Amino acid sequence: MSANRILIVEDDSAIADSVALNLKYVGYEYMVFDDGQKAADYLDADHAFDLALLDIMLPGMDGFALFSIMEKYNIPVIYMTAKTDSESEVRGLRDGAEDYVVKPFDMVTLLVRMEKVLERTGRLNRVYRCLDLVLDAENRTLSKAGEEIILPPLEFDVLTVLIKNKNRTVSRERILNEIWGEDYFGDIRTVDVRVANIRKKLGFTDEIRTISKTGYRLEDRRK
C-alpha cells in the first residue's frame, strides 16, 4: 500500500517548507505549489491526491476558487490560512472544506487533523513503514526486515503510536491517553515498561530515544 499523497498550495515558502518537512518525517508523500492557478493546471494531468492543504490568499487563483477544482476531483480540503474572520471560516466550511486551521498553527495539531480527515473520508493508509519495520494497524501485524514479529496487544499499540509519529517526540501522557484513555489513573511508568520491552524485542536501543522528562521518539532519518 502506498503512502497517502498530500497536495500543499501555499505561497509562504517558510510555511510550505515546514509543512512539507513534517509530512516527510511522518511518511506522507506530497507536492507543493505556491500559485493556485499552477496547482489547478497540474490537477488536469494528475489529481491522485488524498488531501489538499490550501491557503486562501494565493496568487493566480485564490483558495476559495481552487476549492471547486478540488471538489471536481473529490479531493478533501483543509484550509490553512491567516484569515481569522468568521466570515471566511464559515464560507470555507459551508463550501465543503473538512477543516479550517488558522496560522500560526501547531504542526502536531495539523497532523492530527489531517489524520482525522483521512480516516473520516476512508483514505487513511494504516500501513506504516519506519526503518525496517512494516506495521499494519488495521490487521495488527508487524514485520521487521520481512520477518513477522509478535508483540502483546499493549506493546503493539504503543509501537503504533510511536511509528505514526516517527521523528516526533510523543509524551507519556499522550501515549496513555491514546491507548488507555483519558480516565486512566494508573502508574505512568507502565509506558516505560512497554517501551523497554519493545526496544529489547526489536533491537531498537538507539532508534527509540528517551526524551528527558517528556517521553519517547522513534527516529528514522533516512532520506
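Colleague: T190 sits in helix α8. Why is T190 counted as buried?

Modeller: The relative accessibility of T190 is 14%. Buried means under 20% relative accessible area, exposed over 50%, and partly exposed in between, with a 1.4 Å probe and protein chains only. T190 therefore falls in the buried class. The helix label comes from DSSP: helices are runs of H or I with at least four residues, strands are runs of E with at least two, and both are numbered from the N terminus.

Colleague: What stands behind these numbers?

Modeller: A predicted model, in which local features need pLDDT of at least 70, side-chain atom pairs count only at pLDDT 80 or more, and totals for chains, interfaces and linings use all residues. Residues are numbered from 1 along each chain as its sequence is written, and side-chain values use heavy atoms, with hydrogens and water left out.

Colleague: Which residues does T190 touch, apart from those up to four places away in sequence?

Modeller: L176, W180 and Y184. A contact here is heavy atoms within 4.5 Å.

Colleague: L176 belongs to α7. How do you know how α7 is oriented relative to α8?

Modeller: The axes of α7 (residues 172–179) and α8 (residues 189–202) come within 9 Å and cross at roughly 90°. That makes α7 roughly perpendicular to α8, since angles of 65 to 115 degrees carry that name, while under 35 is roughly parallel, over 145 roughly antiparallel and the rest oblique. Axes are lines fitted to C-alpha atoms, for helices over the stretch in contact, and angles run from 0 to 180 degrees between N-to-C directions. On the α7 side R172, I175 and L176 take part, and on the α8 side T190, V191 and D192. By class, this contact has three nonpolar, one polar and two charged residues. Ala, Val, Leu, Ile, Met, Phe, Trp, Tyr, Cys and Pro count as nonpolar, Asp, Glu, Lys and Arg as charged, and the others, Gly among them, as polar.

Colleague: What makes the relation of α6 to α8 fall in its angle class?

Modeller: α6 and α8 pack at about 85°, with their axes 9 Å apart. That angle makes α6 roughly perpendicular to α8. L154, E155, V158 and L159 in α6 meet residues of α8, among them R194, V195 and I198. The contact of α6 with α8 divides into six nonpolar, one polar and three charged residues.

Colleague: What makes a space count as a pocket?

Modeller: The search uses a 1 Å grid over the protein atoms alone: a cavity is a set of points where a 1.4 Å probe fits but cannot get out, whereas a pocket is an open set with protein on both sides within 12 Å along at least five of seven lines. Lining residues have an atom within 4 Å of a point. The largest pocket holds about 620 Å³; grid points are joined across faces, edges and corners, and the volume is the space filled by probe spheres set on the points. Its lining has 27 residues, with V26, Y28, E115, Y128 and K164 nearest the centre. By class they are 11 nonpolar, five polar and 11 charged. α5 (107–120) gives the most, with six residues.

Colleague: Why is V26 called buried?

Modeller: V26, in helix α1 (residues 13–26), has a relative accessible area of 13%, and so counts as buried. Neighbours within four places aside, V26 is in contact with L111, K164, K166 and R168. V26 and N165 are 139 residues apart in sequence and 5.9 Å apart in space, C-alpha to C-alpha.

Colleague: What sets N74 and R140 apart by their phi?

Modeller: Most residues other than glycine have a negative phi, and most peptide bonds are trans. N74 has a positive phi of about 60° without being a glycine, and R140 has a positive phi of about 55°, also without being a glycine. N74, in the loop between α3 and β4, counts as exposed because its relative accessibility is 55%. R140, in the loop between β7 and β8, is at 42% and therefore partly exposed.

Colleague: Which peptide bond is cis?

Modeller: The bond joining K103 and P104, with omega about -10°. P104 lies in the loop between β5 and α5.
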